[in-house]
Amino acid sequence: MSDVRVLERGQAVDGDVAVPGDKSLTHRAILLGALAEGASHIEGALDADDTRSSAAAARAVGAQVDWPAGGAATVVGRGAIGLQEPADVVDCGNSGTTLRLLMGIASGIPDGLTVLTGDRSLRGRPMRRVVEPLRQLGADAWTRAGGSPPVAVRGGRVRGGRVQTGVPSAQVKSALLLAGLLGHGPVTVTEELATRDHTERMLALMGAAIQRDGLVSTVQPGPLAPLTYRIPADPSAAAMWWVLAALTGGRISTRGVLLNPARAGVLEVLRQAGALVEVELEQQVPEPVGRVVVTGAGPLRSIRLTPAAVPGLVDEVPLVALLATQARGTSHLEGLSELRVKETDRLHAVAVGLTALGAHVAEHADALVIEGPTRLRGTALDSLGDHRLAFTWAIAASVADGPITLAGASAVSVSYPGFWDTLAETGGVVAHHGPSEE
Ligand code: S3P
């Protein structure tokens, strides 16, 4: 089937959207389930390429994972002692979360050698950010000469200690905390900016001795009890529908959405831009969850994003940049250097794509400055295999005057296989399959 979609402006959206389970929580529930002693039951797990990579990785280190397509997952672990050296190189596909969290887990497999790799995109991503602090804790961990995967970890050497993450990354922080959980002494991790704390919350829920004090988390080595968990809807997936409502002057309602403050930053941006955002909290622990209704209300205002706010919406920045093209005035999005090391150099790819759509965008080393509002035009774009770019270019079609031809459309399966169906249901964009490839 063709990997090209032709996308055209539809109507102002109005309705409820069912959003799939959170990707970050699904990864963690599967991988932490593999460390527990007994059967963990995970409902509402996101069934997508990335989270299937975590399931395969959990199996590779000895867990039993029973996960029928689209259904609940059961992960049976045998505790830290039951972890096994993988029989082969573990392929983490496109998933940075799988690979980085596995590095922490691998450091706790006594004498086991774990070699981790991934697809072409993942093999270009930086891993010294994990290897260096892991080594400070005593681990025996290696990257290729340039710092990218494959990576290798020889387990059983983590003494414990105090480390800094160096970059604002929940993946790095989580890898270090897992190394501590499975190591010989407590590990204290300090981060510069607050990133998502799902690992800390889930470890506490599973009975680990973990304390958090602002930017500092300390974990003691110890066992984990199995988990019974319902994964809330993914705010990074909901964000595209919220932005679609704001762009089209429509209204979208989403239920059961994860509202962890370290994830919900895009709601603040939508408010800043002038959209009406209503939040009704339905649950507070182990993670805040609620209903969110976003209504586009009149002309959009420019956006200012500071570096401290970026971890709270790091995956939504491409959508925020798109929103900024439709806002009156100059939007400053700052502190974006981490976007350069995502599945693609997203900072550059967003600047190039928005410019091709006719927007006024200046790309800086770690910032985007966007002048708006601009009428966008139709053009040919490519996801470059990056799911977040595929979503953004699809949503852009809701405000473009001509059709957007999107190559690499199948990248959505990394985190949101039902994306095209849901897009069609909203009516905000009309999508057709492009011409078949030879
Ligand atoms: C994630 C953390 C973020 C985010 C990614 C998922 C996680 O990456 O971009 O999609 O689940 O911990 P970094 O840790 O590299 O910032």
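Reader: Which residues is Glu316 in contact with, leaving aside its neighbours within four places in sequence?

Author: Ser236, Ala239, Arg263 and Val266. Contact here means heavy atoms within 4.5 Å. The model is predicted: local features need pLDDT of at least 70, side-chain atom pairs count only at pLDDT 80 or more, and totals for chains, interfaces and linings use all residues. Residues are numbered from 1 along each chain as its sequence is written, and side-chain values use heavy atoms, with hydrogens and water left out.

Reader: What makes you say that Glu316 has no salt bridge?

Author: The nearest side chain of opposite charge is Arg388, 5.0 Å away. A salt bridge needs a side-chain nitrogen of Lys or Arg within 4 Å of a carboxyl oxygen of Asp or Glu. Lys and Arg count as positive, Asp and Glu as negative; His and the chain ends are not counted. Glu316 is therefore left without a partner under that cut-off. Glu316 is also buried, in the loop between strand E19 (304-305) and helix H9 (317-325). Helices (H or I, at least four residues) and strands (E, at least two) are DSSP runs, numbered from the N terminus.

Reader: Why is the contact between Asp315 and Arg388 called a salt bridge?

Author: Their side chains meet at 3.7 Å, N to O. The limit is 4 Å, so the pair qualifies. Asp315 lies in the loop between E19 and H9 and Arg388 in helix H11 (residues 387-396), so the pair ties together parts that are 73 residues apart in sequence. Both residues are buried.

Reader: Which residues form salt bridges with Arg346?

Author: Glu343 does, with the closest N and O atoms 2.8 Å apart. Asp386 does too, again with closest N and O atoms 2.8 Å apart. The Asp386 pair links distant parts of the chain: Asp386 sits in the loop between strand E23 (380-382) and H11, and Arg346 in helix H10 (residues 346-356), 40 residues apart. Glu343 and Arg346 are buried, and Asp386 is buried as well. A network of salt bridges links Arg125, Arg196, Asp315, Glu343, Arg346, Asp386 and Arg388. The count for the model is 28 salt bridges.

Reader: How do you know whether Val19 is buried or exposed?

Author: Val19 has a relative accessible area of 14%. Buried means under 20%, exposed over 50%, and partly exposed in between (1.4 Å probe, protein chains only), so Val19 is buried. Val19 is in the loop between strand E2 (14-17) and H1. Its contacts beyond four places in sequence include Trp241 and Tyr416. Val19 and Tyr416 are 397 residues apart in sequence, yet 9.2 Å apart in space, C-alpha to C-alpha.

Reader: And what is the relative accessible area of Ala209?

Author: It is 37%, which makes Ala209 partly exposed. Ala209 sits in the loop between helix H6 (198-205) and strand E12 (210-213). Beyond four places in sequence, Ala209 touches Thr218, Val219 and Gln220.

Reader: Which residues have the most contacts inside the largest nonpolar core?

Author: Trp241, Trp242, Ile395 and Phe419, in a core of 77 residues. A nonpolar core is a set of buried Ala, Val, Leu, Ile, Met, Phe, Trp, Tyr and Cys residues joined through side-chain atoms within 4.5 Å. Helix H7 (residues 235-248) gives the largest share, 11 residues. Apart from this core lies another, of 64 residues, among them Ala45, Ala106, Leu122 and Leu224.

Reader: What makes helix H3 mostly covered?

Author: Of its 11 residues (96-106), 11 are buried. They pack against helices H1, H2, H4 and H5, and against strands E7 and E9.

Reader: How do you know that E6 and E7 pair?

Author: They share two bridges, in the parallel sense. Pairing asks for at least two bridges found by DSSP, so E6 and E7 pass. Val90 stands opposite Leu116, and Asp91 opposite Thr117. E7 and E9 pair antiparallel over four bridges.
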